[in-house]
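Here are some worked exercises on one protein chain. Grab your viewer and try each task before reading its solution.

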Amino acid sequence: MGDKEQKKEKGLFAPPICNLNTNYCSIFENIGEGVSIFEVILNEEGGISDLRFVYINLCSIFNKFSSREKIIDKTLTELCGIDNAVSYLKMAEDVVLAGKSIQYEFHFAEFNKYFLINAFSPHKNMCVTIDVDITRKKEAELQLKKQADLLNLTNDVIIVSDMNDKITFWNHGA
């Protein structure tokens, strides 16, 4: 008996919920956010040991690793390595085992990209993530912080106001 058949017998394998020919997946294909659907792989203690890719759309963060044809049916640890997968697996445990929907920021250091991840579980052995690339936003925030830090280094009084004369910033000299 193969590995998948053994997992099905133990109840550790969830059937794919997304076939590219379905209407639901055509919605996923046409949105600007990344969508990834995972089958949850449980260990003998009932914890999550890995996630298997069932579906990813073209905007998924995981397309940075390989083409989606090569990613489908691979596990997260096969694709990313255990060190890179640890935080994602922890998120999956929170979502699937605790029944939470969560939103968090994730930094892919390897690609120097930031993502806002929304995760939920539509089925007890499934995890779905929707990711939005927020790299530009994070870079702009960092640039503004650097500028504010520079303004705080001077002893001169600096006050910044908007077009309505509302004060939006003042430095330590003020």
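What follows is a set of tasks on the sheet, a helix and the core.

Before starting, note that this is a predicted model, where local features need pLDDT of at least 70, side-chain atom pairs count only at pLDDT 80 or more, and totals for chains, interfaces and linings use all residues. Residues are numbered from 1 along each chain as its sequence is written, and side-chain values use heavy atoms, with hydrogens and water left out.

**Exercise 1.** Work out the order of the strands in the five-stranded open sheet.

*Solution.*
- Step 1: list the elements. The chain has six helices and seven strands, taken as DSSP runs (helices H or I, at least four residues; strands E, at least two) numbered from the N terminus.
- Step 2: line up the pairs, where pairing takes at least two DSSP bridges between two strands. The order comes out as β2-β1-β5-β4-β3, with antiparallel pairing.
- Step 3: find the edges. β2 and β3 each pair on one side only.
- Step 4: zoom in on one pair. β1 and β2 share seven bridges, and Glu39 has Arg52 in β2 as its bridge partner.

**Exercise 2.** Describe how α5 sits on the strands and where α5 bends.

*Solution.*
- Step 1: place the helix. α5 lies across β1, β2, β3, β4 and β5, at about 90 degrees to β2 (angles run from 0 to 180 degrees between N-to-C directions, with axes fitted to C-alpha atoms, for helices over the stretch in contact).
- Step 2: check its axis. α5 covers residues 82–97 and bends by about 25 degrees at Tyr88; the bend is the angle between axes fitted to the seven residues ending there and the seven starting there.
- Step 3: look just past the helix. Gly99 takes a positive phi of about 70 degrees.

**Exercise 3.** Which residues of the largest nonpolar core touch the most other members?

*Solution.*
- Step 1: see what α5 hides. Ala85, Tyr88, Leu89, Met91, Ala92, Val95 and Val96 are buried (under 20% relative accessible area, 1.4 Å probe, protein chains only).
- Step 2: collect the core, a set of buried Ala, Val, Leu, Ile, Met, Phe, Trp, Tyr and Cys residues joined through side-chain atoms within 4.5 Å. Its 27 residues include Ile48, Leu51, Phe53, Phe62, Leu76, Tyr88 and Cys127, which touch the most other members.
- Step 3: ask who contributes. α5 gives the largest share, seven residues.

Notes: Buried < 20%, exposed > 50% of the residue type's maximum accessible area, 1.4 Å probe, protein only. Contact = heavy atoms within 4.5 Å.
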